[in-house]
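Please look over the structure shown here before reading on. The dialogue that follows is meant for a reader new to it.

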Protein chains: 4
Amino acid sequence: MTTSWLENSIMARKAIARGKQTSVHSITEGSQGKYHYVYGPYAAPVLTVDPGAEISVETHDAMEGRIKSESDRPSEILKLPFLNPQNGPIYVNGAVKGDCLAVHIKKIVPRGPQPVGTTCLMKEFGGLVGTGDTAMLNEPLPEIVKKLHVDAVEGVKWNDKITLPYEPFIGTIGTSPEIEAISSLHPDYYGGNMDLPDVNQDSIIYLPVHAPGALLYLGDCHATQGDGELCGFAIEHPTVTTIQVDLIKGWTFRWPRLENERQIMTIGSGRPMEDAARIAYRELVRWMASEYGFDELDAYMLLTQAGRLRVGNMVDPKYTLGASISKHLLT
Amino acid sequence: MTTSWLENSIMARKAIARGKQTSVHSITEGSQGKYHYVYGPYAAPVLTVDPGAEISVETHDAMEGRIKSESDRPSEILKLPFLNPQNGPIYVNGAVKGDCLAVHIKKIVPRGPQPVGTTCLMKEFGGLVGTGDTAMLNEPLPEIVKKLHVDAVEGVKWNDKITLPYEPFIGTIGTSPEIEAISSLHPDYYGGNMDLPDVNQDSIIYLPVHAPGALLYLGDCHATQGDGELCGFAIEHPTVTTIQVDLIKGWTFRWPRLENERQIMTIGSGRPMEDAARIAYRELVRWMASEYGFDELDAYMLLTQAGRLRVGNMVDPKYTLGASISKHLLT
Amino acid sequence: MTTSWLENSIMARKAIARGKQTSVHSITEGSQGKYHYVYGPYAAPVLTVDPGAEISVETHDAMEGRIKSESDRPSEILKLPFLNPQNGPIYVNGAVKGDCLAVHIKKIVPRGPQPVGTTCLMKEFGGLVGTGDTAMLNEPLPEIVKKLHVDAVEGVKWNDKITLPYEPFIGTIGTSPEIEAISSLHPDYYGGNMDLPDVNQDSIIYLPVHAPGALLYLGDCHATQGDGELCGFAIEHPTVTTIQVDLIKGWTFRWPRLENERQIMTIGSGRPMEDAARIAYRELVRWMASEYGFDELDAYMLLTQAGRLRVGNMVDPKYTLGASISKHLLT
Amino acid sequence: MTTSWLENSIMARKAIARGKQTSVHSITEGSQGKYHYVYGPYAAPVLTVDPGAEISVETHDAMEGRIKSESDRPSEILKLPFLNPQNGPIYVNGAVKGDCLAVHIKKIVPRGPQPVGTTCLMKEFGGLVGTGDTAMLNEPLPEIVKKLHVDAVEGVKWNDKITLPYEPFIGTIGTSPEIEAISSLHPDYYGGNMDLPDVNQDSIIYLPVHAPGALLYLGDCHATQGDGELCGFAIEHPTVTTIQVDLIKGWTFRWPRLENERQIMTIGSGRPMEDAARIAYRELVRWMASEYGFDELDAYMLLTQAGRLRVGNMVDPKYTLGASISKHLLT
């Protein structure tokens, strides 16, 4: 049975399949074959579906499983640009530039033998260290690897005293740019490596379509993550992630949007961080104006009192923030 | 009766008065006389108290009540540097550089005739417009004033359809710098105009002491506010705000800290916004290391999974973010 | 006759052809055929050459000649992502990942009928306006087009009173990323849209090689430009640009480097602008250490006294700065 | 004899004394007595003069001479907020809020026994290291002190091979804010610690007046400095600096302006660095419009082709950039 908010979601009201499941598919490691490290139109689709298709996807962790032991040294194992492997692209019939791809995230479960979770410190990467972008002369921190038991029910076992709840989400998801092929480490206007915990089970993400078939990619699921993904590695883990795609013809906007039971959210990525916040909030102002009847300046003033910001990541090539407002203030 | 978390607060455990009320005082508009527009050591104290003193304070709104009607034009009425009037300074006996002033916020209630709340758009100020700092050639937005009915029980009446809950907090609070006198529009290492909604009732803010007597200032209470205070004006309102001050000898740190029932928080202010986030999170790493037994790098990695960020303001001369962690992860 | 500095250039000392011309080629509009809008490995080379090849290239202006009249409206004519057309890619035999491609810029001359130069204001683009990245609610500026007479000898005729010298350079030049295909509007580690006036006649730019054959692209020549390319459009013009390519095996570094008669320069691109400056200066510290015998911290301190910064652009998706030091301080 | 550009300077044309010397004064270490660490209105003037006064000033170096040996450790000796000692304040008769103070810098000569110059690395300070603002967890660099022979004729002896020319300027100069007292480490709208090499001999800096008497402070002279003052310490040295002050009634603007023989310059300070550039360029657009007859958008477009940016510092609490245009393009 569908929950009531889904029946009233934008997807249910506007998309071709009305949010109904019309077919069932899967992408396994085997059927995926080669994973991808860029979001672009140059790879052949691994699956072609109609709107309404439910797809279960075997995702790798962001290190493609290559960090196997706590004695591994990430900077010796992980080599640019072959990081953050993505499933896809999935071709959605009928999708053309100017449309919107709706992706309902139905379920995320850990996959593979324990310890299934990994986090680490890697040289010149993270929010509190000098990096390739924020270039410093200081010595890097030591590299540390932590392997963790992750269970959908029992949670994430941090140590003997601390267990964190299993709050999984998709770290990287998006459509293909029209002619660009951009590293899966980047978040941008088409989605990508947003690392935003709101992209979780029982939410719908709306992605602008730029290439024929939309060409959906996804991967990089996190078992849990704090705001900002501070050291650059959440609890990375392989999963089976189940999504359902749908297509909204002619709904055009610049940056990803999201809906869940309680709120609508716009997602901006940029540097410096205030630019990500500006993008997210401006998109929300525009959304409130175009579809909920607000005057733009009135929306601007109301968000001043009731808007919410979530910092997804403060470590990727662009930082990602989500701006949201409660649905009950929109009606 | 004191609630149990207060009995176990840092204030209760470390401060001179153990968080107990030892005397009662008030600062009225009359006893305040001249309000102040800088945080500095050059003004005479309006009140001198011992640790443990409870003080009720009649605060002005950030415009000192000068925006009286929706037909007012803010840029004609509000003139730098005479904005954001502050009560104080309050001299706390025994406080010297290197100590920490604990301020328990006990109660905030609206004051004065309705409509008691004000928000507005002012030229060249706000998060989605060109400003004096982010200088643009675009035309400014029109100026708009909104006066609102604010009631501690009924909430903030935005319009006929929308009423927001009354969630008041102190927008501007801090100690005096040692020799600087800084505009009350600024947030920085001593507190000031942080506009952080967590500085609310039933929380304790810990402020580093730089000048003899600490010289506490406060003002600028908001009836409610969204993350980032987007247009620059929350629901500004005059209040009677009741605080209790206490003194922790020799507890030295660089940036304001906060504690409530659920979490501890560090507060950073800076530009670009990622610098505010870096400051807040580094301070939290250090706090977890110095007082909760964490290894610094382990704290860094745990915050990656369980840290929370709150964007206070994205409109002031420095942006303010609070980084926090749940208390139950600290034990 | 070669000038003496060229005979002592890094190219002359280290490259396969020692900076000598070994063959002569040209890329005309006709032989180029389709121009490119991304820097990537997915396009077929238009020319394959050996190190030492001199190539004259018919470049388009950044608007591909589509702004023909001062009554045109740029935002109606220029459509993302089909902007900033590039010649190439040029495949250089023997070049592999980890090598360095040296490009000696020999001559830039205007091409086509007058008025050959174009600059303009376009909505939501420029250094002093809200943009897609620095998102604002302000109304955009009006769009303005200016067509100018540009002559290599007489200069750039701004108006009846002002004539600017013809100081041409290549706005966009770089090698292909390994697997990414990035918009030619971007500058990054491989070069691209740096808009740095030092990339001019009689300089050598050193570019890291990531893809087999290096895959050199170039275009977007400017007749003159101020620091920062403030409104986003320099004096854009089509040219015949003559370069000579050479190959330095095994010279690996992260960001483009440049050499002319007087100085060596490292080029960083990033946001916020301080990150571009940090990248450029750190690369220069490392270059001084690895090839000129400096201790890293001594280089850091000497650059504090004698380093120079040039702001290339403050309008592109990343800002570009060049950090340099006089050659006479290196020996 | 005055040089001709001075006779045509804005000071000569608009100021009360027409740029003529009307009296001669000096501030010695003895007459200064206590140096100051804030720019504010709370200190008593050490000298009161009329417009046209020439004043020779004995400045300290930024460390007040406390770094005496290359074995000193800066972080043990230098303690906030008692850094960057300033001479003044100088009260200029007749100056009131809304006026402009013109300061002609006539001569800077080193003062005291050799080695008179000092530069150093200090923990958590500098452009390529984590700092209190750009907070990192990396270990700080080692501290290094370098003492140098500085001579007005022979230059700055860096080591046996490298001698840099003596190109002195005033690192910190400004008027008092109206009610704020801001650390002399800060640059802002009133001047302060701009560290901009253009504030040198034979230039005139124009400073907005906010407090009665203008209350001019100055200090922190550098024997030479690269763009950005990369490690945070130029060649710091004590000097005798000779200035001449004049007063332009009713010339009101927001940020410091500068004039020399070749160009006019506007000075912006902010973070991130692009905000400093935006401020500087917007002020220059406005100056060109208000006094040189340009249409604002035409000035914006001309600066795109002919504007120049100088990065003063990339290490202070705000970064400082100067934007300039050649005088010959203004007529």
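Predicted model: local features only at pLDDT ≥ 70, side-chain atom pairs only at ≥ 80, totals over all residues.

Tutor: Residues are numbered from 1 along each chain as its sequence is written, chains are lettered from A and ligands numbered from 1 in the order in which they are written, and side-chain values use heavy atoms, with hydrogens and water left out.

Student: How much area do chain D and chain C bury between them?

Tutor: Contact means heavy atoms within 4.5 Å, and 54 residues from chain D meet 54 residues from chain C. Buried area is the accessible area (1.4 Å probe) that two parts lose on being put together, summed over both. Of this area, 68% lies on carbon and sulfur atoms, and the total is about 4600 Å².

Student: Which residue of chain D forms a salt bridge with Asp227(C)?

Tutor: A salt bridge is a side-chain nitrogen of Lys or Arg within 4 Å of a carboxyl oxygen of Asp or Glu. Across the interface of chain D and chain C the rule finds two. In the one with Asp227(C), the closest N and O atoms are 4.0 Å apart, and the partner is Arg308(D).

Student: Which element gives the largest share of the side of chain D that touches chain C?

Tutor: Helices (H or I, at least four residues) and strands (E, at least two) are DSSP runs, numbered from the N terminus. Among the elements that give two or more residues to this side are helix H5 (273–292) and helix H6 (296–306) of chain D. The largest share is nine residues, and it comes from H6(D).

Student: What relation superposes chain D on chain C?

Tutor: Copies are superposed by least squares on the C-alpha atoms of residues with pLDDT of at least 70 in both. A rotation of 180 degrees, with 0.0 Å of shift along its axis, superposes chain D on chain C with an RMSD of 0.0 Å. That is the relation of a two-fold axis.

Student: Which are the edge strands of the open sheet of six strands in chain B?

Tutor: Two strands pair if DSSP finds at least two bridges between them. The sheet has mixed pairing and the order E3-E5-E17-E12-E15-E14. Each edge strand pairs on one side only, and the two are strand E3 (47–49) and strand E14 (187–188) of chain B.
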